[in-house]
Amino acid sequence: MSTPKILILGAGYGGILTALQLEKKLNYNEAEVTLVNKHDYHYITTWLHEPAAGTAPADHARVDLGRIIDKNKTKFVKGVVKSIQTENQTVTLEDGQELSYDYLVIGLGSAPETFGIEGLREYAFSIRSINSVRQIREHIEYKFASYNSEPHRTDYLTIVVGGAGFSGTEFCGELADRVPELCKEFDVDPNLVKIYNVEAAPTALPGFDKDLVDYAMEVLTRKGIEFRLGTPIKQCTPEGIVLGDGEEIKAGTVVWTGGVRGNEVVEKSGFEVMRGRIKVDEFLRAPGYDNVFVVGDCALIFNDQGRPYPPTAQIAVQEGENCGENLASLLRKAELKPFVPALQGTLASLGKGEGIGVVGSKKLFGSSAALMKKASDLRYLYKIGGVGLAISKVKL
């Protein structure tokens with residue numbers, strides 16, 4: 001009898017935790033585990049707003065896969081997934097390579113959700129990968145550097161952040177911290193710099209307690225962020241954005257953080273999706289497939305009130321651990337364990353030394369929230385790479 005093949009697509013939070021759980025649970029030669037990823041590194045998505053703003057190097061958010069997975073237990077294939085053929089249990093990569101599987105784990109991550117806003121794909125940046133945040137940082141610096149050659153172009157110093165959810169708010173906090181440094185480096189008057197945070201919903205940070213939202217907005221407003229709430233973006237142009245009421249904001253940089261959808265490969269491969277995400281069963285399996293599991297941004301799960309859980313890192317980590325455990329159980333013909341998210345709290349940074357959060361029933365403000373977020377980050381690093389990785393990534 002041949003050794004069962006487990007194929008994991010994507011080395012994000014869900015994929016990497018599935019692989020690590022299988023390394024822990026499986027005996028030698030119990031299964032052949034292969035991890036496919038576009039890059040030979042895992043990146044910490046919840047840190048990407050820092051290198052995007054330039055307050056941390058891009059490598060800070062990157063962890064080489066060789067520091068995480070045991071290559072004696074997990075085979076790594078560097079490649080981009082082109083399509084999934086469930087009928088013959090194969091996956092095709094963009095280089096033409098074809099991989100077969102007995103069990104498949106889809107953790108291909110997300111793509112920006114544009115909600116049909118004209119020009120957004122063409123003219124706005126998004127915080128989605130190591131390469132994308134490098135581009136954002138370099139673009140902002142280029143615009144500041146260009147200003148002194150064209151001093152009438154004050155729009156070069158205007159940055160629009162679309163979306164006031166987690167990513168948008170955290171990015172604004174880091175941008176506000178970076179502005180004094182940019183102004184000093186490029187001889188720019190700080191009074192000329194404008195940062196707008198535009199949100200279609202009536203409030204920033206939807207889902208957060210009002211006291212926490214008010215605190216976050218007060219901190220960011222004090223730092224120089226101008227909020228435009230209840231204001232949809234109608235169009236993105238080479239010159240900036242046009243709001244729903246027709247007002248135009250000229251900006252040298254537009255960064256879109258207003259939502260994500262599942263990877264397009266999932267829908268193109270014939271799975272039934274909602275905004276690119278598969279509504280999974282209680283064991284994280286795609287409907288109609290006992291051997292296809294879905295984790296991370298590609299998985300759609302609902303709470304008891306029938307509302308979808310947000311695609312957070314915390315949930316993706318738990319999905320990966322559950323998925324790895326269930327795959328081991330499947331191989332051993334044991335009972336599967338339903339996935340039930342254990343929400344341990346929510347934390348958001350607002351720049352250096354500032355944050356908000358909820359842990360249990362306790363609200364956290366300011367430095368206590370910022371410290372708790374660092375502790376949460378270190379816990380994750382320890383989980384995937386031990387003490388050495390956690391210490392090497394400490395950012396004081």
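**Sheets, rings and cores**

Guide: Strands β6, β7 and β8, in the order β6-β7-β8, form an open sheet of 3 strands with antiparallel pairing. The model is predicted: local features need pLDDT of at least 70 and side-chain atom pairs pLDDT 80 or more, while totals for chains, interfaces and linings use all residues. Residues are numbered from 1 along each chain as its sequence is written, and side-chain values use heavy atoms, without hydrogens and water.

Visitor: Which strands of this sheet are the edge strands?

Guide: They are β6 (81-85) and β8 (98-100), each of which pairs on one side only. Neighbouring strands are turned by 20° against each other on average, direction ignored.

Visitor: Why is the pair of Phe166 and Phe208 called stacked?

Guide: Rings pair if their centres lie within 6.5 Å, and planes under 30 degrees apart count as stacked, over 60 as edge-to-face and the rest as tilted. Here the centres are 5.6 Å apart and the planes stand at 20°, so the pair is stacked. Phe166 lies in helix α5 (residues 166-186) and Phe208 in the loop between β13 (194-199) and α6 (210-222), 42 residues apart.

Visitor: Are these two residues buried or exposed?

Guide: Buried means under 20% relative accessible area, exposed over 50%, and partly exposed in between (1.4 Å probe, protein chains only). Phe208, at 13%, is therefore buried, whereas Phe166, at 34%, counts as partly exposed.

Visitor: What makes Arg62 a charge over the ring of Tyr41?

Guide: CZ of Arg, or NZ of Lys, must be within 6 Å of the ring centre and within 35 degrees of the ring normal. Arg62 lies over the face of Tyr41, at 4.8 Å from the ring centre.

Visitor: Which residues have the most contacts inside the largest nonpolar core?

Guide: They are Ile6, Ile16, Ile84 and Ile106, in a core of 107 residues. A second, separate core of 14 residues includes Ile117 and Cys236. Such a core joins buried Ala, Val, Leu, Ile, Met, Phe, Trp, Tyr and Cys residues through side-chain atoms within 4.5 Å.

Notes:
Pairing = 2+ DSSP bridges. Helix = DSSP H or I, 4+ residues; strand = E, 2+ residues; numbered from the N terminus. Axes fitted to C-alpha atoms, helices over the stretch in contact; angles between N-to-C directions. Phe/Tyr/Trp six-rings, centres within 6.5 Å; stacked < 30°, edge-to-face > 60°.
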